[in-house]
Amino acid sequence: MDMKSWLKEVLKYNGLAQSAIDSLVGMEYEGNPVESEICLACYKEMKGGEMSKYLPCSHLFHGKCIDDHLKISKVCPACMEEVMV
């Protein structure tokens with residue numbers, strides 16, 4: 001791996017700017033009547049009425065969990081894709 005590729009890979013593990021995190025739209029989780037969904041950051045069950053956020057890759061998280069995660073890493077904890085906002 002050349003130095004440029006290595007640096008690009010390393011930098012994606014630095015967090016996002018707060019303005020980018022704030023640009024992700026939060027919504028109240030309505031619940032899933034068929035099966036429970038799990039926040040893929042904290043691995044706890046999502047409950048109706050909780051604030052949640054989807055990342056551009058379509059993975060669902062508790063709003064606070066993903067905000068905290070994105071402060072230290074710009075990679076989705078579920079699929080490891082770089083979050084582009």
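1. Lys 71 and Asp 68 form a salt bridge, with their closest N and O atoms 3.9 Å apart. A salt bridge here is a side-chain nitrogen of Lys or Arg within 4 Å of a carboxyl oxygen of Asp or Glu. The two residues are three apart in helix 3, so about one helical turn separates them. Lys 71 counts as partly exposed because its relative accessibility is 46%. Buried means under 20% relative accessible area, exposed over 50%, and partly exposed in between (1.4 Å probe, protein chains only).

2. This is a predicted model, in which local features need pLDDT of at least 70 and side-chain atom pairs count only at pLDDT 80 or more, while totals for chains, interfaces and linings use all residues. Residues are numbered from 1 along each chain as its sequence is written, and side-chain values use heavy atoms, leaving out hydrogens and water.

3. Asp 68 also meets Lys 64 in a salt bridge (2.7 Å, N to O). These two are four residues apart in helix 3, so they too are separated by about one helical turn. Lys 64 counts as exposed because its relative accessibility is 61%; Asp 68, at 34%, counts as partly exposed.

4. How many salt bridges does a search of the whole structure find? The search finds three. Helices (H or I, at least four residues) and strands (E, at least two) are DSSP runs, numbered from the N terminus.

5. Three strands make an open sheet in the order 1-2-3, with antiparallel pairing. The edge strands, each pairing on one side only, are strand 1 (26-28) and strand 3 (60-62). Two strands pair if DSSP finds at least two bridges between them; strands 1 and 2 have three, in the antiparallel sense. Glu 28 stands opposite Met 51 in strand 2.

6. Helix 3 packs on the sheet, touching strand 2 and strand 3, and its direction makes about 95° with that of strand 3. Contact means heavy atoms within 4.5 Å. Axes are lines fitted to C-alpha atoms, for helices over the stretch in contact, and angles run from 0 to 180 degrees between N-to-C directions.
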